[in-house]
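Work through the following exercises with the sequence and the model at hand. Each task is followed by a solution in steps.

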Amino acid sequence: MMAAMLEKLRNKWAKLAVRQKIAVAVAAAGVLILACSLALPGAGANTPHAFIEGEEQRLARTLSAIKGAGKVEVMITYDSVLVSSSGGISSGDGASATPVPGGIRGVIVIAEGAGDLAVLAKLQRAVETVLQVRPDQVDIFVMSDK
């Protein structure tokens, strides 16, 4: 049974023109690359949600390194931009579109050491510098003892 299927494939392959063989080879290579990229660790980490979480975690780690800041949590909110499946900005005409982060709308920082005004000022300045946001886009709060 398997030998018969292989023989049919060989016959069909032999009948294809050179351009058709190249097209089949390119398509097969594309499928192989896609399959390999999905199997790699971190596949799917290229989503807007994963990007936002990564940025929040990275900023929290950076801010917690400020002397006196202690434990830090960060939330970044973005203006959403709808991107069509072709990669362009969607006109909202009903075509399939995915919301992706646009400009930063605001940042909330919750830090153990935010009760100290000097630490609060350093946290504020660090967020403004790293994210290139205005002071009115940043709110900093003292973390509760839970």
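**Exercise 1. Find the distance from the backbone oxygen of Ile104 to a polar atom of the side chain of Gln137, and describe the setting of Gln137.**

Solution.
Step 1. The separation is 2.9 Å. A polar contact is a pair of N or O atoms within 3.5 Å; within protein, one must be able to donate a hydrogen and the other to accept it, and residues adjacent in sequence count only if both atoms are side-chain atoms.
Step 2. Gln137 sits in the loop between α4 and β3. Helices (H or I, at least four residues) and strands (E, at least two) are DSSP runs, numbered from the N terminus.
Step 3. The relative accessibility of Gln137 is 12%, so Gln137 counts as buried. The classes are buried under 20% relative accessible area, exposed over 50%, and partly exposed in between (1.4 Å probe, protein chains only).
Step 4. Apart from neighbours within four places in sequence, Gln137 has contacts (heavy atoms within 4.5 Å) with Ile104, Arg105, Gly106 and Val107.

Two notes on the source apply throughout. This is a predicted model, in which local features need pLDDT of at least 70 and side-chain atom pairs count only at pLDDT 80 or more, while totals for chains, interfaces and linings use all residues. Residues are numbered from 1 along each chain as its sequence is written, and side-chain values use heavy atoms, with hydrogens and water left out.

**Exercise 2. State how many helices and strands the protein chain has, and in which pattern they follow.**

Solution.
Step 1. The count is 4 helices and 3 strands.
Step 2. Along the sequence they read α-α-α-β-β-α-β.
Step 3. Of the 146 residues, 22% count as buried.
Step 4. Among contacts with a separation of 6 or more, 57% join residues 24 or more positions apart.

**Exercise 3. Identify which residues touch the most other members of the largest nonpolar core, and which elements supply it.**

Solution.
Step 1. A nonpolar core is a set of buried Ala, Val, Leu, Ile, Met, Phe, Trp, Tyr and Cys residues joined through side-chain atoms within 4.5 Å.
Step 2. The largest such core has 23 residues, and Leu63, Val74, Leu123 and Val127 touch the most other members.
Step 3. At least two residues each come from α3 (48-64), β1 (72-84), β2 (97-111), α4 and β3. The most, 5 residues, come from α4.
Step 4. Take Val127 as a case: beyond its neighbours within four places in sequence, Val127 is in contact with Leu59, Leu63, Val107, Val109, Gln132, Val133 and Val138.

**Exercise 4. Decide whether Ala69 is buried or exposed, and list its contacts.**

Solution.
Step 1. Ala69 belongs to the loop between α3 and β1.
Step 2. Its relative accessible area is 0%, so Ala69 is buried.
Step 3. Leaving out neighbours within four places in sequence, the contacts of Ala69 are Leu63, Ser64, Ala111, Glu112, Gly113, Val119 and Leu123.
Step 4. Ala69 and Leu123 are 54 residues apart along the chain, and their C-alpha atoms are separated by 7.8 Å.

**Exercise 5. Find how many salt bridges the whole structure holds, and describe them.**

Solution.
Step 1. Look for a side-chain nitrogen of Lys or Arg within 4 Å of a carboxyl oxygen of Asp or Glu. The search gives 3 salt bridges.
Step 2. Arg58 pairs with Glu55, with the closest N and O atoms 3.7 Å apart. Both residues lie in helix α3, 3 residues apart, about one turn of the helix. Arg58 is partly exposed, at 46% relative accessible area.
Step 3. Lys71 pairs with Glu73 at 3.9 Å, N to O. Lys71 is partly exposed at 46%, and Glu73 is partly exposed at 33%.
Step 4. Arg134 pairs with Asp136, the closest N and O atoms being 3.0 Å apart. Arg134 is partly exposed at 49%, whereas Asp136 is exposed at 57%.

**Exercise 6. State what the phi of Gln132 is, and where Gln132 lies.**

Solution.
Step 1. Most residues other than glycine have a negative phi.
Step 2. Gln132 is not a glycine, yet its phi is positive, about 55 degrees.
Step 3. Gln132 is in the loop between α4 (117-131) and β3 (138-142).
Step 4. With 66% relative accessibility, Gln132 counts as exposed.
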